Each structure stands twice: as C-alpha cells, then as structure tokens.
Amino acid sequence: MDSWKLLEEGCLSCQKCPLGKSRTHTVFGVGPHTSDILFVGEGPGQQEDLRGEPFVGPAGKLLDDMLLIIDLGRYNCYITNIVKCRPPQNRDPLPTEQDACFPFLQEQMRLLQPKMLICLGRIAATRFLGSDFKISRDHGKWYQKDGLWITAIYHPSALLRDVSKRPETFRDLKSIQAKIKELGLAI
Ligand code: SF4
C-alpha cells in the first residue's frame with residue numbers, strides 16, 4: 001500500500017482527540033499528490049463532516065469561485081485542514097486538538113513537498129506563522145520558511161459573513177497568481 005493510502009487510513013480511524021467521537025466522517029483532504037500548491041483551512045464544517053470532503057458547503061463554493069479567478073481548483077491544488085474532524089457547532093479547534101492532529105498535516109506536507117502554502121484564515125495562519133500573526137493586518141503578505149512560500153488570506157466563511165473583505169481578498173488572490181508565475185509553479 002502506498003504512503004498516502006496508509007496515512008489516509010490511519011487518519012480515517014483516528015481517535016487521538018475528542019473530535020473523533022463526534023465526527024460523522026474524517027475529512028482527510030483532496031487534490032493531486034503532485035501539486036506544488038497547498039491550501040489549509042482550520043477544520044471541517046457540517047457539510048464537510050457529512051460528506052468527508054473539505055470545503056463543500058457554502059464556504060467551499062466560494063473557495064471554488066475564488067480559485068477559478070486565478071486558474072486554480074481541486075484538480076491542481078491540494079486542499080485540507082489543520083484538524084480533520086469537525087469541531088462541534090463549528091467552534092475553533094482547541095489547541096490540544098490542533099496539536100493532536102497536526103502530525104497528519106505534517107506527514108501530508110512531507111509527502112506532497114509543496115512549494116506554496118496558502119493559509120485560509122486565522123487558525124491556519126497562526127499555526128504556521130506564529131501567534132503574532134493578525135489576519136486583518138497580515139493577510140496577503142509573503143513569508144519564506146525552509147524554501148516554502150507561505151501566505152494567508154481570509155477564510156471563505158469570513159468572506160461570506162463580511163463581503164467588505166472581498167476586494168482585498170481579490171488583491172491577495174492576484175498576488176498568489178503573480179507569485180505562482182514568478183516561481184514558475186506547475187498548475
Ligand atoms: S481531529 Fe485529528 S487527531 Fe482528532 S480524532 Fe480527528 S483525525 Fe484524530
């Protein structure tokens with residue numbers, strides 16, 4: 001069995017934190033295992049929990065529309081979350097839950113070897129860029145860590161709640177598109 005399959009099977013049956021008890025489905029991630037580009041959100045919502053796929057509810061539809069603007073999609077990006085099981089009532093995943101689940105994402109990244117990481121929202125951004133990161137202040141900025149280019153944009157759920165954030169997110173998306181071109185990433 002290949003490494004991805006082994007990792008996914010371990011994740012699907014995981015009970016390392018309390019979220020494993022309340023989930024309907026574990027949401028491992030989707031996308032080609034050869035992608036240079038990785039999107040990471042915070043955790044599955046209700047629709048994702050029911051279907052076992054990330055970003056399939058209203059926020060997922062918006063994410064698909066956002067990606068389409070810059071010629072990206074599930075066919076050329078890998079998409080996953082910090083925690084793979086739904087937090088009850090869509091609350092933020094607790095630090096202990098994030099810590100328990102993070103090794104799955106680390107292993108996904110080891111296998112994927114992405115060149116670009118786009119954090120969707122505050123939870124993913126602070127996990128990768130430190131607790132001082134402020135999504136309202138720092139979205140769209142670029143960081144480089146160990147050869148990996150990292151940026152963060154507003155989570156699509158935040159853009160559904162507050163449409164005034166959409167113009168600046170459009171600029172962030174165009175910045176991502178420009179960086180993909182600059183780096184010569186395959187899409
Ligand atoms: S959230 Fe992650 S660590 Fe917790 S049970 Fe689910 S897969 Fe395991």
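The model is predicted: local features need pLDDT of at least 70, side-chain atom pairs count only at pLDDT 80 or more, and totals for chains, interfaces and linings use all residues. Residue numbers start from 1 along each chain as its sequence is written.

**Overall form**

- Along the principal axes, the C-alpha atoms of the chain fill a box of roughly 40 × 35 × 30 Å.
- Of the 187 residues in the chain, 41% are buried, a residue being buried if 20 or more other C-beta atoms, placed from the backbone, lie within 10 Å of its own, exposed if 12 or fewer, and partly exposed in between.
- Among contacts between residues at least 6 apart in sequence, 71% join residues at least 24 apart; a contact requires C-beta atoms, placed from the backbone, within 7 Å.

**Secondary structure**

- The chain has nine helices and five strands, defined as DSSP runs (helices H or I, at least four residues; strands E, at least two) and numbered from the N terminus.
- In sequence order the pattern is α-α-β-α-α-β-α-β-α-α-β-β-α-α.

**Strand β5 and its partners**

- Strand β5 (residues 148–153) has five of its six residues buried, so it is largely enclosed by the rest of the structure.
- Strand β3 (residues 116–120) runs parallel to β5 and is joined to it by five bridges, where pairing requires at least two DSSP bridges between two strands.
- In β5, I153 has L120 opposite it.
- Strand β4 (residues 143–145) is antiparallel to β5, with three bridges between them.
- Y143 stands opposite I150 of β5.
- Two residues separate β4 and β5 in a hairpin, and D146 in the turn has a positive phi of about 50°.

**Ligand surroundings**

- The ligand is surrounded by 14 residues, of which C14, C17, G20, C85 and C101 are the closest; a residue is near a molecule if its C-beta atom, placed from the backbone, lies within 6 Å of it.
- Two or more shell residues come from each of the elements α2 (19–22) and α5 (95–112).
- Helix α5 gives the largest share, three residues.
- The shell divides into eight nonpolar, three polar and three charged residues, where Ala, Val, Leu, Ile, Met, Phe, Trp, Tyr, Cys and Pro count as nonpolar, Asp, Glu, Lys and Arg as charged, and the others, Gly among them, as polar.

Notes. Contact = placed C-beta atoms within 7 Å.
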